[in-house]
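This report describes how the parts of one protein model are arranged. Please keep the sequence and the structure in view while reading.

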Amino acid sequence: MNPSLRLLLICAALTVATALYTASVYPGLPDQIPVHFNASGMADRWQPKGSGAWITVSIMAGLAAMFAALPLLSPKTKAIEPFRKTYDLIAVGTMVFMAILNVLTLSAAGNAKLSSVAFGLLMCGLFGFLGNLLGKVTPNYYVGIRTPWTLESPENWERTHRFAARSAVVTAAIGAAIVLLGGSVVIAIVIATSGLVMPVGYSYWLYAKGNKMGPTTP
């Protein structure tokens, strides 16, 4: 089976499963659905039930089409196929994250309060999962730490993504620990996010170091 078709079917199945779950709880949902929550987990923006309940399903449908299309749109010089298994894991992992998020947000519709602990752990888990896969991503235009320096230098790309894989897992673990210990979920998510931001600075540092000292060595 064509890899893009296979991925599309998997993502479509996850989208349909999420839609079926939404339909099953739909009769019991309030007329106004929370679609955004503040740092304390309290709802601060709502939409009518008819549209608000289906936002995540709509996003998942769009993501399914995008994930299937990107490999077909990639130029051969920076194709996704060399890391296709990793790409598929990233796509499916993202879709699973969206499905779980849908369960969390719809479960919070009744009392307009999202479980901060569950949300914090979910976000940290996502960042750690995605970051752990970055070390296997080869140069391309869609996935990874795509800075001018990584895209220009295969060595910069490789070293930056190895660094990103380590930093993302460590910061995600720290963030999850903060959540489990009852700390600020916002701080935990910021720390987890930093693991995917620091590599941008690292890629520039490698570039600047190479300009001053000549080609870098692995």
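## Basis of the description

Helices (H or I, at least four residues) and strands (E, at least two) are DSSP runs, numbered from the N terminus. The model is predicted, so local features need pLDDT of at least 70 and side-chain atom pairs count only at pLDDT 80 or more, while totals for chains, interfaces and linings use all residues. Residues are numbered from 1 along each chain as its sequence is written, and side-chain values use heavy atoms, with hydrogens and water left out.

## Thr 18 in helix 1

Thr 18 lies in helix 1, which spans residues 3–25. Its relative accessibility is 5%, and Thr 18 therefore counts as buried (buried means under 20% relative accessible area, exposed over 50%, partly exposed in between, with a 1.4 Å probe and protein chains only). Apart from neighbours within four places in sequence, Thr 18 is in contact with Val 57, Met 60, Ala 99 and Asn 102; contact means heavy atoms within 4.5 Å.

## Two partners of helix 1

Two packed helices are described by the angle between their axes and the distance between the axes. Axes are lines fitted to C-alpha atoms, for helices over the stretch in contact, and angles run from 0 to 180 degrees between N-to-C directions. The axes of helix 1 and helix 4 (residues 84–107) come within 10 Å and cross at roughly 5 degrees. Helix 1 is therefore roughly parallel to helix 4 (angles under 35 degrees count as roughly parallel, over 145 as roughly antiparallel, 65 to 115 as roughly perpendicular and the rest as oblique). Among the residues that make this contact are Thr 18 of helix 1 and Ala 99 and Asn 102 of helix 4. By class, the contact has 15 nonpolar, 6 polar and 3 charged residues; Ala, Val, Leu, Ile, Met, Phe, Trp, Tyr, Cys and Pro count as nonpolar, Asp, Glu, Lys and Arg as charged, and the others, Gly among them, as polar.

Helix 1 also packs with helix 3, at an angle of about 175 degrees and with the axes 9 Å apart. These two helices are therefore roughly antiparallel to each other. The contact of helix 1 with helix 3 has 15 nonpolar, 4 polar and no charged residues.

## The nonpolar cores

A nonpolar core is a set of buried Ala, Val, Leu, Ile, Met, Phe, Trp, Tyr and Cys residues joined through side-chain atoms within 4.5 Å. The largest one has 41 residues, of which Phe 67, Tyr 87, Met 95, Phe 97 and Val 137 touch the most other members. At least two residues each come from helix 1, helix 3 (55–73), helix 4, helix 5 (116–133), helix 7 (154–180) and helix 8 (185–213). Helix 4 gives the most, with 9 residues. A second, separate core of 5 residues includes Leu 29, Ile 33, Ala 53 and Leu 106.

Strand 1 (residues 32–37) and strand 2 (residues 43–48) run antiparallel and are joined by 5 bridges; two strands pair if DSSP finds at least two bridges between them. His 36 stands opposite Arg 45 in strand 2.

Most residues other than glycine have a negative phi. Ala 112, in the loop between helix 4 and helix 5, has a positive phi near 60 degrees. Ala 112 is buried, with a relative accessible area of 19%.
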